[in-house]
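Here are some quick notes from going through this one. Have the viewer open while you read.

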Amino acid sequence: MVFLDFKLASEWTLGPTDGSYWVVEDRFAAGAYPSRKEPPEPGQIPDNTKALLEAGITCFVNLTEDQPGSGAPEEGFHHYHDYVDGTAVVVAHPIVDVSVPT
């Protein structure tokens with residue numbers, strides 16, 4: 001078994017976007033859904049998604065109930081999944097709103 005020794009970032013170390021912070025600096029970020037309500041112009045990546053990719057994020061863990069193909073995006077947000085395809089993976093572990101995961 002391999003154990004990696006990563007130091008947690010200082011509390012509230014600003015992340016690559018306004019809605020994120022580093023948990024382990026330059027390795028593991030947490031934050032808000034990386035999208036916006038309006039879709040970007042054709043051929044462009046949403047600003048928040050682009051900033052996360054440029055910061056080296058290669059795996060997105062999505063904890064929202066909303067998944068592509070399940071209906072309208074949450075609160076009208078535009079999905080980011082298609083913009084990270086081939087660059088990063090999206091792992092979905094949806095947590096039902098107002099509930100506690102097992």
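Before the points, one definition: helices and strands here are DSSP runs, numbered from the N terminus. Bear in mind too that this is a predicted model.

1. Overall layout. The protein has 2 helices and 5 strands, and going from the N terminus the order is β-β-β-α-β-α-β. Of contacts between residues at least 6 apart in sequence, 56% link residues at least 24 apart.

2. Burial and surface. There are 102 residues, and 25% of them are buried. The accessible surface is about 7600 Å², with 54% of that belonging to carbon and sulfur atoms.

3. The largest pocket. Its volume is about 610 Å³. The lining takes in 23 residues, and A29, A30, G31, F60 and V61 are the ones nearest the centre. Looking at elements, β3 (28-31), α1 (47-54) and β4 (59-62) each give at least two residues to the lining. By type, the lining splits into 13 nonpolar, 9 polar and 1 charged.

4. A closer look at S20. This serine sits in strand β2, which covers residues 20-24. Is S20 buried or exposed? Its relative accessible area is 8%, so S20 counts as buried, the cut-off being under 20%.

5. What S20 touches. Its side chain makes a polar contact of 3.0 Å with the side chain of T17. Setting aside neighbours within four places in sequence, S20 is in contact with L14, G15, A30 and G31. To tie this back to point 3, A30 and G31 are also among the lining residues nearest the centre of the largest pocket.

Definitions and conventions
Residues are numbered from 1 along each chain as its sequence is written. This is a predicted model: local features need pLDDT of at least 70, side-chain atom pairs count only at pLDDT 80 or more; totals for chains, interfaces and linings use all residues. Side-chain values use heavy atoms; hydrogens and water are left out. Helices (H or I, at least four residues) and strands (E, at least two) are DSSP runs, numbered from the N terminus. Buried means under 20% relative accessible area, exposed over 50%, partly exposed in between (1.4 Å probe, protein chains only). A polar contact is a pair of N or O atoms within 3.5 Å; within protein, one must be able to donate a hydrogen and the other to accept it, and residues adjacent in sequence count only if both atoms are side-chain atoms. Contact means heavy atoms within 4.5 Å. On a 1 Å grid over the protein atoms alone, a cavity is a set of points where a 1.4 Å probe fits but cannot get out, and a pocket is an open set with protein on both sides within 12 Å along at least five of seven lines; lining residues have an atom within 4 Å of a point. Grid points are joined across faces, edges and corners, and a volume is the space filled by probe spheres set on the points. Ala, Val, Leu, Ile, Met, Phe, Trp, Tyr, Cys and Pro count as nonpolar, Asp, Glu, Lys and Arg as charged, and the others, Gly among them, as polar. Accessible areas come from the Shrake-Rupley method with a 1.4 Å probe; for residues, only the protein chains shown count as cover.
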